[in-house]
Amino acid sequence: MNRPVARGATGFTLIEVSVVIMVLGLLAGLVAANVMRHMSTARDATTRSQIALIGTALDAYRLDNGDYPTTEQGLTALVAPPALAPVPINWRGPYLQKIVLPVDPWSRPYVYRYPGVHRPWSYDLSSLGRDGREGGQDDDADITSWD
């Protein structure tokens with residue numbers, strides 16, 4: 001039994017498939033660029049929120065103990081009583097909801113100094129941004145508690 005081959009059989013040509021793939025690639029590129037722009041904004045907002053949250057915990061620590069933790073005691077003093085001098089007598093922590101210290105959106109610890117360089121009467125708290133180095137611009141810019 002021979003079946004006749006229909007003339008004008010339907011299908012896609014190589015050019016049609018190539019055009020569709022090219023259009024899909026362009027759309028994917030536009031979507032990816034838009035998502036990356038919003039991801040940067042989300043990381044910035046997350047970092048600012050975490051700095052504010054840690055700042056609130058530091059203020060509560062100061063209210064209980066009369067002063068902020070030293071640079072050497074660090075932010076760990078917010079989740080466990082410090083063993084380094086000056087040992088606080090009224091430690092009522094943990095001062096953060098989670099027992100683990102938050103890290104910035106780039107998975108690096110926040111930089112804490114007391115007394116601060118930028119605010120000598122208080123503390124300096126910052127994230128070094130995407131590049132992990134002081135300074136920088138755009139996504140590499142530091143996000144700080146004193147700005």
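A residue counts as buried under 20% relative accessible area, as exposed over 50%, and as partly exposed in between, with a 1.4 Å probe and protein chains only. By this scale Thr 46, at 36% relative accessibility, is partly exposed. The model is predicted: local features need pLDDT of at least 70, side-chain atom pairs count only at pLDDT 80 or more, and totals for chains, interfaces and linings use all residues. Residues are numbered from 1 along each chain as its sequence is written, and side-chain values use heavy atoms, with hydrogens and water left out.

**Fold and overall form**

- The chain has one helix and three strands, in the order α-β-β-β from the N terminus; helices (H or I, at least four residues) and strands (E, at least two) are DSSP runs numbered from that end.
- The radius of gyration is 27 Å, well over the 15 Å that the globule rule gives for 147 residues, so the chain is more spread out than a compact globule.
- This radius is taken over C-alpha atoms, and the rule is 2.2 Å times the number of residues to the power 0.38.
- Along the principal axes, the C-alpha atoms fill a box of roughly 95 × 35 × 20 Å.
- Of the 147 residues, 29% count as buried.

**Nonpolar core**

- A nonpolar core is a set of buried Ala, Val, Leu, Ile, Met, Phe, Trp, Tyr and Cys residues joined through side-chain atoms within 4.5 Å.
- The largest such core has 20 residues, of which Ile 54, Leu 58, Leu 75, Leu 78, Tyr 112, Tyr 123 and Leu 125 touch the most other members.
- Helix α1 (residues 14-65) gives the most to this core, with five residues.
- Leaving aside residues up to four places away in sequence, Leu 78 touches Ile 54, Ala 57, Leu 58, Tyr 61, Trp 91, Pro 94, Tyr 95 and Leu 96; contact means heavy atoms within 4.5 Å.

**Helix α1 and Thr 46**

- Thr 46 belongs to helix α1.
- Between Thr 46 and Leu 96 there are 50 residues in sequence and 16 Å in space, C-alpha to C-alpha.

**Loop between α1 and β1**

- Pro 86 lies in the loop between α1 and β1 (111-113), and the peptide bond from Ala 85 to Pro 86 is cis, with omega near -5°.
- Pro 94 is also placed in the loop between α1 and β1; the bond from Gly 93 to Pro 94 is cis, with omega near 5°.
- Ser 107, found in the loop between α1 and β1, has phi near 65°, a positive value in a residue other than glycine.
- Ser 107 is exposed, with a relative accessible area of 60%.
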